[in-house]
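Hi everyone, thanks for coming along.

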Amino acid sequence: MSEIPTTMTASVLTGIGSIVLEERPVPVPAADEVLVRVLSVGVCGSDVHYYAHGRIGEYVVDQPLILGHELSGVVAAVGADVDPARVGERVAVEPQRPCRVCDFCKAGDYNLCPAMEFYATPPVDGAFCEYVVIQSDFAFAIPDSISDHSGALLEPLSVGIAGAQKGGIKVGDRVLIAGGGPIGIITAQVAKAFGAAEVILTDINPARRELALRYGVTRTVDPAQESTDGLDAHVFIDASGAIPAIQAGIRATRPGGTVVLVGSADEIPLSVPDVAMRELNVTGIFRYTGTWPIARQLVADGQVELDSLVTHVFGLEQVEEALTGDGADDSLKRIVLPGVRRVEDPVAAAGGARS
Ligand SMILES: [Zn+2]
Ligand SMILES: [Zn+2]
């Protein structure tokens, strides 16, 4: 077992648009926790939003906060009640801590736990730092066939799985997805794995439409050119957060079908006849429960491919760069390596991006 330092470096959001490196104590695992040395952390839209706006809805950053909630690592130490044989295990972390005793937790809906502590959601620190602690059953061992980056991206994959489960995707279904960002592309792969016969993806960005075709999407639609009305999708999943896309998706869903809102949008005007007279189920997801074993299996089996989504890799000193990016079309998933200070060429470090 390698020596565990007493302090570590963390990248801390200290205010809107302000990230600083700080020395922090290395957390000590409680009896039921493991200490994880963080290997790879995905940058999520929510991290970017906290950096740029200091809040998401009711969650306000009013004290320094470590961002990052999509992570893999290696178990560096264990609490008193955890099997010491886990030290050295590579793990993907489910970045949440439910209370385990409330009605929601006891019913299995722990994502709805009112006492949930979720990484990188104020005031709970996240993973843009060298070490984190998590309850041992939320650290999932990953096989060698799953890379550090893919291990981190089991988190957005979990979002895709939760959306597909909520939509009730079945063998033979026609699934419409709005938005060709990381979540849309991951959701398309999950829809295929769940048995969808057709996966149609809409995005106004031609580069993203083209890319989506490599990930299980059977057809793409440019919503500026072509209507999806009458598509008769069994399931529509919004991964865009764009109001016109949500409205079009509702119209494109067949009677009795299900609409799952995954992207974050504010209020939208809703056509009541489109929903009521066609008995649509309009629902959403808030994070996930019990998805890591499924996510791990889908990647290990090759049904979902995540490594090629990574377009940029940064070191811990470059978190600000990772959060702001260059807005280029070819940016899909950005990764931070907390164990590395600087990466000279973020695109080359990602494997030269896709070709
Ligand atoms: Zn995320
Ligand atoms: Zn609870």
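What you see is a predicted model, in which local features need pLDDT of at least 70 and side-chain atom pairs count only at pLDDT 80 or more, while totals for chains, interfaces and linings use all residues. Residues are numbered from 1 along each chain as its sequence is written, chains are lettered from A and ligands numbered from 1 in the order in which they are written, and side-chain values use heavy atoms, with hydrogens and water left out.

Let's begin with the zinc ion (ligand 1). Which residues coordinate it? They are Cys44 (SG), His69 (NE2) and Glu70 (OE), at 2.2 to 2.6 Å. Donors here are N, O and S atoms within 2.8 Å of the metal (3.2 Å for Na, K and Ca), and since water is not among the atoms, sites may look incomplete. Along the sequence, the spacing of these donor residues reads C-x24-H-E. Cys44 sits in the loop between strand S3 (33-42) and helix H1 (45-53), and Glu70 in strand S6 (residues 70-78), so this pair ties together parts that are 26 residues apart in sequence. Helices (H or I, at least four residues) and strands (E, at least two) are DSSP runs, numbered from the N terminus. Glu70 is buried, at 1% relative accessibility, and Cys44 counts as buried too, at 19%.

Now for the zinc ion (ligand 2). Its donors are Cys99 (SG), Cys102 (SG), Cys105 (SG) and Cys113 (SG), at 2.3 to 2.4 Å. Cys99 is in the loop between strand S8 (96-97) and helix H2 (103-106), and Cys113 in the loop between H2 and strand S9 (117-118), so the two tie together parts 14 residues apart in sequence. The spacing of the donors along the chain is C-x2-C-x2-C-x7-C. What is the geometry of this site? It is tetrahedral, with angles of 105 to 116° among the four donor atoms; for four donors, that label requires all angles to lie between 85 and 135 degrees. Buried or exposed, where does Cys113 fall? Cys113 is buried, at 6% relative accessibility, whereas Cys99 is partly exposed, with a relative accessible area of 30%.

Terms used. Four donors count as tetrahedral if all angles lie between 85 and 135 degrees; four count as square planar and six as octahedral if opposite donors are over 155 degrees apart and all others between 65 and 115; anything else is irregular. Buried means under 20% relative accessible area, exposed over 50%, partly exposed in between (1.4 Å probe, protein chains only).
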